[in-house]
Amino acid sequence: MKRLTGTNEEISKILYQEQLELSKENLDVEATVREIIERVKEEGDEALRAYSKQFDQVELSNLQVSDQVIDQAFDKIDKDVLTALQNAKANIESYHRQQLEAGFEDRPTEGVIRGQLIRPIERVGVYVPGGTAAYPSSVLMNVIPAKIAGVKEIIMITPPQKEFVPAILVAAKLAGVDKIYQVGGAQGIAALAYGTESIPKVDKITGPGNIFVATAKKQVFGLVGIDMIAGPSEIGVIADQTANPIFVAADLLSQAEHDKLARAILVTNSETLADAVGAEIEKQLQTLPRQEIARASIENNGRIIIAEDVDGMFDLMNQVAPEHLEVAMENAYDYLDKIENAGSIFLGHYTSEPIGDYYAGANHVLPTTATSRFSSALGVHDFIKRIQYTQYSKVAVNAAEKDITTLAYAEGLQAHARAIEVRNDQN
């Protein structure tokens, strides 16, 4: 891993420039995705079948995955995997139920009622990658909050395959998906956004995918809602001299193995720990099955930074605003107040990031590329709408007329003012 030295401000500028390079637009992909979306918009199912043949080498007669295929997945799934999914589901549900919001109503003055309604989104589409990127844990993380929010219909799409990963279909059934369609890529996102003869149009799209999927989500945003534009996976570790270098190295590699563009950043005030972690990473890489991916990530995007003190460590990591943040320190819980920007926080020497990926219950769909400065993990709040309501009596309108019309005339909007005035003229 590369060492970065300098002041916090200098290091932050370097990391920011590196981040920009990783997240810059690919204009060729943008153009290709735009063409795919337009074709699906115009040709519907016919375009989906053509793209499935072109990209997936599969000829489809029926886009929907049958109940029979889903039932067979329960027969094929490893029983330990099924148990783990059921336990993870229980934890995710118990955590996300606490995110449910209640509406409110108040009556600040005589004749005035103000309030807010909470309503679920009607139909949501969840994208689930296929092949080696098929993660059943992501199915649970995307679907369960939507179900808790009260979403009326959840549509899942996943690339067509000769044989589906059983855990994906099982996770979908356990979480409460209503229909599954075998279509992937940018064409799948287009189908969800515009609807086709087989696939209904949704109101919001969530779920991870490759650069074509992410670009398609960005291009249909506005027509539908999306969860986020996800970049490469990231982990930041704040560690002091009490940290175990074996643990820290393993946790940095846990994200590095995702993607050659993944970022792993260690900030420490201990030169001794920094040296030990660097050596341990090389040692653990030797036996890692995904060594090629992890090594490219570590060598190109991995960083070790030495800070002067504890405050310096947290100040720098708040500027990095990582997707995952581990605090590998004694009494880590006591440092929560120092953290301003992070997607999800893992406290203490034994709270490894994969605990959050799979099991603890907090969501693992997180803001990347420093967007935790202004956004949050996926949750129940992403699947609801807040609808305001107001009622004024005639007396209340009369009392507020001067203030309202004064502001309307100040903005040059006479019709706004007249809409108030006519109500007081009609006595």
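Modeller: Let us begin with Tyr350, which is exposed, with a relative accessible area of 68%; buried means under 20%, exposed over 50% and partly exposed in between, using a 1.4 Å probe and protein chains only. This is a predicted model, in which local features need pLDDT of at least 70 and side-chain atom pairs count only at pLDDT 80 or more, while totals for chains, interfaces and linings use all residues. Residues are numbered from 1 along each chain as its sequence is written, and side-chain values use heavy atoms, with hydrogens and water left out.

Colleague: Where is Tyr350 placed?

Modeller: Tyr350 is in the loop between β13 (344-347) and α14 (353-358), where helices (H or I, at least four residues) and strands (E, at least two) are DSSP runs numbered from the N terminus.

Colleague: How many cavities of 30 Å³ or more are there?

Modeller: A cavity is a set of points on a 1 Å grid over the protein atoms alone where a 1.4 Å probe fits but cannot get out, and lining residues have an atom within 4 Å of a point. Points are joined across faces, edges and corners, and a volume is the space filled by probe spheres set on them. Here the count comes to three, and the largest cavity has a volume of about 50 Å³.

Colleague: Which residues line the largest cavity?

Modeller: Its lining includes Phe247, Asp251, Glu326 and His349. The elements that give two or more residues to this lining are α10 (245-256) and β12 (324-328), and the largest share, three residues, comes from α10.

Key: 1 Å grid on protein atoms, 1.4 Å probe; cavity = no way out; pocket = protein on both sides within 12 Å on 5 of 7 lines; lining within 4 Å.
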